[in-house]
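Reader: I am new to this structure, and I would like to know what the words used for it rest on. Could you take me through them?

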Amino acid sequence: MTSYKEYKVVHIVEGGCGTIFLGSSGLPLKKMEATLNEQAAEGWQVVFQVIERKRFWLFWSREAVIVTLGRNG
């Protein structure tokens with residue numbers, strides 16, 4: 001098991017407008033990819049991720065990805 005000296009949590013959320021107008025818009029994969037690439041360039045590695053589904057307003061729900069990153073430096 002790898003141990004890291006630093007950890008960071010990144011929260012990436014599905015768009016609210018798409019959820020309301022389309023019922024579900026899905027996770028923003030381009031945003032997620034860009035965020036992870038930026039963090040990787042700074043030496044961060046994905047340690048753990050989870051997808052959560054939360055109620056959004058009254059009738060809708062939307063997804064979010066919570067990513068835990070770690071690095072040794």
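Predicted model: local features only at pLDDT ≥ 70, side-chain atom pairs only at ≥ 80, totals over all residues.

Reader: What makes up the secondary structure of the protein?

Author: There are 2 helices and 3 strands, and along the sequence they follow the pattern β-α-α-β-β. Helices (H or I, at least four residues) and strands (E, at least two) are DSSP runs, numbered from the N terminus.

Reader: Why is T35 called buried?

Author: Buried means under 20% relative accessible area, exposed means over 50%, and partly exposed is in between (1.4 Å probe, protein chains only). T35 has 17% relative accessibility, so T35 counts as buried. Its place is in helix α2, residues 29-41. For the protein, 26% of the 73 residues count as buried.

Reader: How do you know what T35 is in contact with?

Author: Contact means heavy atoms within 4.5 Å. Leaving aside neighbours within four places in sequence, T35 is in contact with V10 and I12. The side chain of T35 also reaches the backbone oxygen of K31 at 2.8 Å.

Reader: What makes a set of residues a nonpolar core?

Author: It is a set of buried Ala, Val, Leu, Ile, Met, Phe, Trp, Tyr and Cys residues joined through side-chain atoms within 4.5 Å. The largest one here has 8 residues: V10, I12, L27, M32, W44, V65, V67 and L69. Strands β1 (6-13) and β3 (60-71) each supply at least two residues of this core, and β3 gives the most, with 3 residues.

Reader: How do you know that E6 forms a salt bridge with R71?

Author: A salt bridge is a side-chain nitrogen of Lys or Arg within 4 Å of a carboxyl oxygen of Asp or Glu. The closest N and O atoms of E6 and R71 are 3.0 Å apart, and the pair forms a salt bridge. E6 lies in strand β1 and R71 in strand β3, so the pair ties together parts that are 65 residues apart in sequence. The structure holds 1 salt bridge.

Reader: Are E6 and R71 buried, exposed or partly exposed?

Author: E6 is partly exposed, with a relative accessible area of 29%. R71 also counts as partly exposed, at 21% relative accessibility.

Reader: What makes a nonpolar surface patch, and which residues make the one here?

Author: Patches are made of residues with over 30% relative accessible area and no salt bridge; like charges are joined within 9 Å, and nonpolar side chains (Val, Leu, Ile, Met, Phe, Trp, Tyr) within 5 Å. Here Y7, V47, F48 and V50 make a nonpolar patch of about 380 Å². Strand β2 (residues 45-56) gives the most to it, with 3 residues. V47 lies in strand β2 and has a relative accessible area of 38%, so V47 is partly exposed.

How values were computed:
Residues numbered from 1 in each chain as written. Heavy atoms only, no water. Polar contact = N/O pair within 3.5 Å; in protein donor to acceptor, adjacent residues only side chain to side chain. Areas by Shrake-Rupley, 256 points an atom, 1.4 Å probe, with all protein chains shown as cover.
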